[in-house]
Amino acid sequence: MRRVLTTLMILLVVLVAGLSALVLLVNPNDFRAYMVRQVEARSGYELKLDGPLRWHVWPQLSILSGRMSLTAPGASAPLVSADNMRLDVALMPLISHQLQVNQVMLKGAVIQLTPQSEAVRKPDAPVAPRANSLPDVAEDAGWSFDIASLKVVDSVLVFQHEDEDQVTVRNINLKMEQDQHHLATLDFSGRINRNQRDMTLSLNANLNASDYPHQLTADIQQLNWQLSGADLPAQGITGQGSLQALWREEQKQLELNNLNLQANDSSLKGRASVLLGEQPKWVFDLQFDKLNLETLLPPQPVTTAESDTQLGATPPKQTRPVIASSDEAPDYNGLRSFTADILLKANTVRWRGIDFTNVSSQMLNHNGLLVISELSGQMGAGHISLPGLLDVRKDMAKAEFQPRLENIEIGTILQAFNYPIALTGNLTMAGDFSGDKIDADAFRRSWQGQAHVDLTNSRMEGLNFQQLVQQAVERSSNVKAQENFESATRLDNFTTDMTLDNGQLSLDDMQGQSSLLVLSGKGTMDLVKETTDTRFNIRVLSGWKGDGPLIEALKETPIPLNVYGKWQELNYSLQVDQILRKHLQDEAKRRLNEWADKNKDSQDSKDVKKLLDKL
C-alpha cells in the first residue's frame, strides 16, 4: 500500500511540474494576434484586448485579459465591451500548439444592440458565401481556435431599434454551450426596469445555429417572467410558457410558432410572425382558452361623478406621473408605424365584471387605419357584435363603431361602466357611433351617434309609475286603488330612438307597455353630470278599486309625469289635479248638454248652450 501511495504522489508531482513548466514555457500573449486575426477572419468583427494576457491555473486553466471590446465592421460603437474576460482552455491541446477554448466568460459586460453598433457594409464590399466560418489559412502558423461555451455574468444589454427608445436589460446571467454542429443550449436571466415598471425574465432554450447568420432557430422550452409597477394590477403579472422561434436574416423575418403561454390566470396558444422593415408587417393567429383582462389590465380610474360620491373614502392608487412634453404624440400614434393582420379567438373573456364566451375578432391595421371587421361574442343568453374602425392617419384620431346587441342584460352593462342607474332588462340595440378616443370616459363626453333600442322585461328601481299616479288620484278624489308596495316600474316592452351628442343623450318616441300601464314620452340625459329630464304620459290600466265613469276615464286618460334630477336622487311631478278638474268639467258639460237637449225649446236651454259654447 505504501508503494502505491508513493507512486501516486510521484505521478502527481510530475503532473504538477509538467503543468507548471508548460505554463512557464507557453506565453499566453503569443495567442493575442492569432485570436484577433481569427475573430476578424471568421466574423469580420474587430477584437481589442487591452493589457497583457496572463495564466490562471486553479481551479481551471484559464487565460485572463484586461478590458476587451468587440466591434462590428464600420460600427461607431462596440457590440460587446467588458472590464475583464476569462478564457478556459484545454490543457492537452497546448502540447501540440493548439488553443482550444472550452468557455469564454465575461463579467460586468455591456452588450449594445443599437444602430451605432450595427455593421456598416461598404457599397463595393463582396457578398460573403453561405458558410458558417472561413477555412484556416497558412498564416495561422500551426495554431487552431475553437470555442464550446460562453458565459456572461452580471452584465448589461442595451437594445434599441432605429429611432425608438432604448431598452436596458440588467443583471444578465447567460450560459451557452454548443457542439461541433453548432447545436447549443442556452440559459438566460435578466431584469428590465423602465417607466417605473420592473420585469424579471428567465428562459431555457435549445438553439440551432448551423446556418447562422442566415437562419437561427430556438426551441424555448421554459420561459418565465414577472412584471410589476405603475399602471399594472396590484398583484403584477406572472407568467410562464414555451414557444419556437425562427429568424431568417435575408428576409428579416421572425416567426413564433407553437406559442403556449400563461399570464396570471389567462392562457393562449397560436402563432405570430413579423417581417421587419421600414413598415413592419405583423401576422397574429392566437387562441385564448381564458382571457381575464381584469388581472392583466390596471384598475379602471374613478370617474368624476363617482369621486363626488366617495368623499372620505380611501383614495385610489396613484399611477405613474406623466412626463410633460411640448411634442405630445397623438393618441394611438404607434398604429402608424406597422401593418398587422390579427385573428383572435377566445373561449372565455372577462372584462369589467362581464363574462363573454365564444369571442371572435378579425382586425387589419394598415399604417394607422385599423379596420375591425369582426368583434363578437356571447354574453349570457345574448349576443354582441362590435365592428368598426379606428383611423389615426391624421392628427386627430377618429373611431367609428356599429354595435349590434341582441338580448343583452342592460343592468350588467350599466354596472360595468359605473352608471348608477337601477335598470334591468333584456336589451336589443342597433346603432352607429363615432368619437375621437376609445374609452368609457370619452364615450360619455365626446362621442356622437344614434341607435334604436328595444328593452323587454325591464324593471326600473326607485319609482313605481303606477303607484305614483294612483296615490295622486286618491289624494285628489274619492277613487281608491289596490295596495301596491313594490318600488319599481315593470314593463314588458319598451322602445326608443336614442341620439348621443357630446354627453347629451336624447330619448325620442319612448313607448312602453305592460299589463298594468302604458306610457309614451321623450327626454334627455346628461351622461357627464348624471342628470335626467324626462316627460312621460302614463295610462294606468289596472289596480283600481271599483268600477265607475271616473275610473274608466282614468284608464283612457294619459297623465303627464315629469322625472328629473340626479340619477341617484330623482324627483317627479304629476299633473293629476288638472286631469281630474278637466274630467269634472267634461262631465258637467256632458250633463248640461243632455239637459239642454231635453229642454231645447226653453230660454234657459238656449242660455246654457251659449254658456257652453264660450267654455
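## A tour of charged and aromatic contacts

Begin by selecting E294 and R350, whose side chains meet in a salt bridge with an N to O distance of 3.3 Å. E294 lies in the loop between β18 (281-292) and α4 (304-308), and R350 in strand β19 (residues 339-351), so this contact ties together parts that are 56 residues apart in sequence. Colour the two by accessibility: E294 counts as partly exposed at 35%, and R350 counts as partly exposed at 28%. The model on display is predicted.

Next, select D231 and R197. A salt bridge joins their side chains, at 4.0 Å from N to O. D231 belongs to the loop between β14 (215-229) and β15 (237-248), while R197 is in strand β13 (residues 197-208); the pair therefore ties together parts that are 34 residues apart in sequence. D231 is partly exposed, with a relative accessible area of 27%, and R197 is partly exposed at 28%.

Move on to E486 and R459, where the side chains form a salt bridge of 2.6 Å, N to O. This pair links distant parts of the chain, 27 residues apart: E486 is in the loop between α7 (465-476) and β28 (488-501), and R459 is in strand β27 (residues 448-461). E486 has a relative accessible area of 27% and is partly exposed. Across the model, the count of salt bridges comes to 16.

Turn now to the aromatic side chains, for which a search of the whole structure finds 7 pairs. Select F401 and W447: their ring centres are 6.3 Å apart and their planes stand at 25 degrees, so the pair is stacked. F401 lies in strand β24 (residues 398-401) and W447 in the loop between α6 (440-446) and β27, so the pair ties together parts that are 46 residues apart in sequence. Is W447 buried or exposed? W447 is buried, with a relative accessible area of 5%, and F401 also counts as buried, at 8%.

F443 is partly exposed, with a relative accessible area of 29%.

For the last stop, select R444 and Y419. R444 lies over the face of Y419, at 4.1 Å from the ring centre.

Notes: Residues are numbered from 1 along each chain as its sequence is written. This is a predicted model: local features need pLDDT of at least 70, side-chain atom pairs count only at pLDDT 80 or more; totals for chains, interfaces and linings use all residues. Side-chain values use heavy atoms; hydrogens and water are left out. Helices (H or I, at least four residues) and strands (E, at least two) are DSSP runs, numbered from the N terminus. Buried means under 20% relative accessible area, exposed over 50%, partly exposed in between (1.4 Å probe, protein chains only). Rings of Phe, Tyr and Trp (its six-membered ring) pair if their centres lie within 6.5 Å; planes under 30 degrees apart count as stacked, over 60 as edge-to-face and the rest as tilted. A charge sits over a ring if NZ of Lys or CZ of Arg is within 6 Å of the ring centre and within 35 degrees of the ring normal.
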